[in-house]
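Could you look over a few backbone details with me? My notes follow the structure below.

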Amino acid sequence: MSNSQIPFLKGHGTENDFVIVPDPDNAIDLPASAVAKLCDRRAGIGGDGLLHVVRSAAHPEARAMAGEAEWFMDYRNADGSIAEMCGNGVRVFARYLERAGLVEAGDLAVATRGGVKKVHLAKTDSTGGSAAGDITVSMGRALFPEDSVTVTVDGRSWPARNVNMGNPHAVAFVEDLDHAGDLLAVPPFSPASVYPDGVNVEFVVDRGERHVAMRVHERGSGETRSCGTGACAVAVAAARRDGLDPSVTGVPVTYIVDLPGGRLVITEHPDGEIEMTAPAVIVAEGHIEPALLA
């Protein structure tokens, strides 16, 4: 690690917050221990995860995607572990690129470990205000592994829908979100063999027609205020429960998903592509003291 200060920014998408480290040439060493320090809410900057901003051509995991996407989101969980994808993180990542003058409003592609994601940045509102427009991310298609899963909290158990959004999810429909408990630890699930690398667990209640609310324990981060891939998993699980499959009906289906940090709008199209729309905000920037990462 260099003795020079390292620039960073802080941003959030529906209060799912991230430390952003711009590093176009992939020159900064970010071991898990350093990421955990940066994401520590008392001794570091604080965040649910870290967005390492690297040109795809400069990162060995993304070089094959460089022809499709100039930028790679090297995403890390708050504990320093590597994750495939983060839906709220992609929106914040795109907002950073726009703020830095690296992209303009409109369409762009972002490389992730979950594949190349298409992003649309809406223009600043037409009234002349300063509010940035919403960001829509094409999140790919959901997979529905057939493994049966049960989630248990405080003696209550629920069947959970196994959904993969490039990362694993267990979606449980409950009567009350308080039934999820404190979500500090991973909610027990069985059989453990279904998720050998851990899982994101969502607890969901109905709020109205095609309108749900959820809480989530994110793998490697604990309970977070919002989870984009989790909201997508919840929306498609709710649609299947409600007998709505766009590939069968030929009609897109949209669900509103409320989270503690805000609202996400999730649309699944007949071809299986899922879109997520919501705001993303950069709130601060500064420099990391090298001693923090020593």
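Is Thr14 buried or exposed?

1. This is a predicted model, so read everything below as computed. Thr14 has a relative accessible area of 7%, so with the cut-off for buried at under 20% it counts as buried. Thr14 sits in the loop between β1 (6-13) and β2 (16-22), and its phi is near 45 degrees, positive although the residue is not glycine. For background, most residues other than glycine have a negative phi.

2. Leu183 is another one to check: its phi is near 60 degrees, again positive in a residue other than glycine. Leu183 lies in the loop between β10 (168-173) and β11. With a relative accessible area of 2%, Leu183 is buried.

3. Have a look at the peptide bond from Ser190 to Pro191, too: it is cis, with omega near -5 degrees. Pro191 belongs to the loop between β11 (189-190) and β12 (200-208). As a general point, most peptide bonds are trans.

4. Now the hairpins. β8 (residues 149-153) and β9 (residues 156-164) pair antiparallel over 5 bridges, and Thr150 has Pro159 in β9 as its bridge partner. The hairpin has 2 residues between the strands, and Asp154 takes a positive phi near 50 degrees there.

5. β9 also runs antiparallel to β10, joined by 5 bridges. Here Arg161 has Val171 in β10 as its bridge partner. This hairpin has 3 residues between the strands, and in it Gly166 takes a positive phi near 90 degrees.

Notes: Residues are numbered from 1 along each chain as its sequence is written. This is a predicted model: local features need pLDDT of at least 70, side-chain atom pairs count only at pLDDT 80 or more; totals for chains, interfaces and linings use all residues. Side-chain values use heavy atoms; hydrogens and water are left out. Helices (H or I, at least four residues) and strands (E, at least two) are DSSP runs, numbered from the N terminus. Buried means under 20% relative accessible area, exposed over 50%, partly exposed in between (1.4 Å probe, protein chains only). Two strands pair if DSSP finds at least two bridges between them.
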